[in-house]
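Try each task before you read its solution.

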Amino acid sequence: MAKRRANGEGSIRKRRDGRWEGCYTAGRDPVTGRTIYKNVLGKTQAEVKAKLKSAIEKSGVQSLRTERYTVGQWLDAWMENYAKLQVRPSSIKTYQGFINNHFKPALGDIPLEKLTAMDLQRLYKHLLERGRVECTESRNKPKSLSIKTVRNINQMISSALNCAVEQRLIPANPTKGCILPKLERREMKILPPESLGTFFEEARRSGVFELYYIDLATGLRRGELLGLKWSDIDLNKGIIHVRRQVLRQNGKVVEAPLKTKNSYRNIAIGADTIEVLKGMKQKDEYVFPSPFGGPMSPDSVLHMLQRVLKRAGLERIRFYDLRHTFSVLALQNGVDVKTLSAMLGRYSAGFTLDTYAHVTTSMQKQAANAVGNFLSGTLRP
């Protein structure tokens, strides 16, 4: 067992081979930010103690415990040296917003080693009650943050604090003592098949038929749909290459990488969809550009959807529910779950199966009845 020593003196232990070993920290790797550990060996404890002292003096490095971070300083260091190497650029923007808007104002000046689960619990309670930052984009939104957002905030700070534990800056991760409300699954809504004709008629009158037809024919996410360029579409082979998404960051509409590696995919399209695309005028490199050129705002297509639904006398749904509509129609028309998962850009067919369990259960009952009817017809009276 290593001998406990004072901060900055390293640690000494006797190995199974009879020799003594001293370990100490020698700074951080400039690329990864990870701590560099080194050791010295000797025949006696006194020899190793002397070698260890000399090595530490030459390295000029003190124990990590002598480095004092505030919560704000550690989050900045973690973002720069760890998060940026592992997290998507779009998530980095989100994380930076969490840090600047929520953690630094509330907890930024607290010494990292004194941060408690109660400090975090109080912050989460505030965010769930009145946590939304006042800005133009949030003017008409609720003052509280959603449960999902607060859980995402907790996930981010937990990752940062796990890293601090690994660096021996704190003995334990205080997020483990926090309690968060469970995320309630929203009831899935779809455009009823019998209402699709009415919806498309109103979409055509509103000049947005192609936008919503392509989405319902492919199941693309909103950002993926708006990120489509004509160069991504092979009309001869009937293939759409999904390569990017469009989203809003810091008030600007920008291109961004896709959510996961499975989101990069090729989707086959049918003859009717090909004809719709062929009938469109290519005014821009984007299939669905803004009136001023460049990508269309994700907010615009959502507002247009609500206007079309209202004029058509249909129930209000989210844009994401168009993706649900595509999935349900695909399953009901014989597309298997694995194929559907690939088209949707999901990692797991099991997730798709869980999401649409009500549809697949109904299909299984129909299949069971069909087989049962066949078998009963073979029985002799």
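Of the 381 residues of the protein, 40% count as buried (under 20% relative accessible area, 1.4 Å probe, protein chains only). This is a predicted model: local features need pLDDT of at least 70, side-chain atom pairs need 80 or more, and totals for chains, interfaces and linings use all residues. Residues are numbered from 1 along each chain as its sequence is written, and side-chain values use heavy atoms, without hydrogens and water.

**Exercise 1.** Describe how strands S6 and S7 pair.

Solution. Locate the strands, which are DSSP runs of E with at least two residues, numbered from the N terminus. S6 covers residues 245-249, and S7 covers residues 252-256. They pair in the antiparallel sense over five bridges; pairing takes at least two DSSP bridges. Val246 stands opposite Glu255 in S7. Now check the turn: two residues lie between the strands of this hairpin, and Asn250 has a positive phi of about 50 degrees. Last, check cover: four of the five residues in S6 are buried.

**Exercise 2.** Classify the ring pair of Tyr69 and Trp74.

Solution. Rings of Phe, Tyr and Trp (its six-membered ring) pair if their centres lie within 6.5 Å; planes under 30 degrees apart are stacked, over 60 edge-to-face, the rest tilted. The count comes to eight aromatic pairs. For Tyr69 and Trp74, the centres are 5.2 Å apart and the planes 70 degrees apart, hence edge-to-face. Tyr69 counts as buried because its relative accessibility is 17%. Trp74 is buried at 2%.

Conventions: Buried < 20%, exposed > 50% of the residue type's maximum accessible area, 1.4 Å probe, protein only.
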